[in-house]
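Here are a few exercises for getting to know a new structure. Have a go at each one before reading on to the solution.

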Amino acid sequence: MPARDRLMAIAVAVIWGVNFIAIRWGLDDVAPLVFVAVRFTFVALPLVFFVPRPKVSWRVVAAVGTFMSLGQFGLLYVAMDQGMPAGLAALVLQAQVVFTILLAWIALGEVARRRQIFGVVIGSIGLAVVALGFGADASVLPLLITVGAAASWAVGNVVARAAKVTSGLSLVVWSALVVPLPSLGLSILVDGWSTTVNAFADFSWTAIGSTAFTVVVSTLIGYTWFNILLSRHPAASVMPYILLVTPVGMMAAWLVLDETPGYIELIGAAVMLAGVAIASVVRTTTAPTAPSASTTDASVPR
């Protein structure tokens, strides 16, 4: 992976790590699935009228929206609303790395080298240690919901990788159209009609600021860059960098929200980071596919 793309991957990890703080603040005032619906409404509108549709089938657009956006964030927001700490959510969500590499191997034939697989295994062990520590002190339900969010993200990753969409921004914007109505429907089903309707009236300035950050920085910039990376490189080359979301998210939660993980969680996080270091220094056996400059979307934020 070229140095420019490595820096892009690290920037995505920092953005997504801080994003957990923004989500936590927004959830203090708004029902989780309504919050998801509002977020992706503004991801899609008004840009959908100006950004060309990605040159893939509607099925691909719908699949990315369903799994990478609705599934991932619907489950993540519910988990955090049910008590999943922001810092630990940043950690547990990175189970998507294991799911992504496994699914990319099954569906796309992308096989990582032994040392890279070893790094992912070490990272997974660290994640398991964190899960054990968290389960000893709190209900495991929010943790399991977060793992479900990670699995949904992984499916979306593989779909985006297989489609090789060179315009990351167009895929982000158009796939966001899939999210709002199903999310509102699920909110009515799970939380009830009155809670869903009242959530709009309870939208505070904090929730507005949180929405602005998650829409502009985390989604439009973060996911645009992320989809570009997946279009250029095998999933196993991109995923280890995204594990850096973990230390950024945990540090931000400690500094801003005063969330202090226990010793077991810290040990698990350290083991996971060791796995990242091992996995990140190895190239996969599949050569990266780099789009030409003429096919890369010039409107992508840099």
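**Exercise 1.** Find the residue just after α3 that takes a positive phi, and give the angle.

*Solution.* Go to the end of α3 and step just past it: G83 is the residue you want, with a positive phi of about 115°. Keep in mind that we're working with a predicted model here.

**Exercise 2.** Work out how the span of α3 compares with the expected one, and where α3 bends.

*Solution.* Start with the length: α3 covers residues 58-81, which is 24 residues. Next, take the span from the first C-alpha to the last, which comes to 32 Å. At 1.5 Å a residue you'd expect 34 Å, so the helix comes close to that. Last, look along the helix for a bend: there's one of about 30° at T66.

**Exercise 3.** Decide how α3 and α7 are oriented to each other, and describe their contact.

*Solution.* First, find the partner: α7 is made of residues 141-163. The two helices pack at an angle of about 160°, and their axes are 8 Å apart. Angles over 145 degrees count as roughly antiparallel, so that's what α3 is to α7. Their crossing is left-handed. Sort the contact by class and you get 17 nonpolar and eight polar residues, with no charged ones.

**Exercise 4.** Do likewise for α3 and α11, and name the residues that make the contact.

*Solution.* Helix α11 spans residues 205-232. Its packing angle with α3 is about 130°, with the axes 14 Å apart. The two helices are therefore oblique to each other. As for handedness, α3 passes α11 in a right-handed crossing. On the α3 side, the contact is made by M68, Q72, F73 and Y77, while α11 brings T214, Y223, F226 and N227. By class, that's five nonpolar residues and three polar ones, with no charged residues.

**Exercise 5.** Now try α1 and α2: which residues meet, and what classes do they belong to?

*Solution.* Place the helices first: α1 is residues 3-27, and α2 is 32-44. They pack at an angle of about 120°, their axes 10 Å apart. That makes α1 oblique to α2, and the crossing is right-handed. From α1, N19, I23, G26 and L27 meet P32, F35 and R39 of α2. The tally is four nonpolar, two polar and one charged.

Note on methods. Residues numbered from 1 in each chain as written. Predicted model: local features only at pLDDT ≥ 70, side-chain atom pairs only at ≥ 80, totals over all residues. Heavy atoms only, no water. Axes fitted to C-alpha atoms, helices over the stretch in contact; angles between N-to-C directions. Helix = DSSP H or I, 4+ residues; strand = E, 2+ residues; numbered from the N terminus. Parallel < 35°, antiparallel > 145°, perpendicular 65-115°, else oblique. Left-handed = near helix turned anticlockwise from the far one by under 90°. Contact = heavy atoms within 4.5 Å. Nonpolar A, V, L, I, M, F, W, Y, C, P; charged D, E, K, R; others polar. Bend = angle between axes of the 7 residues up to and from the residue.
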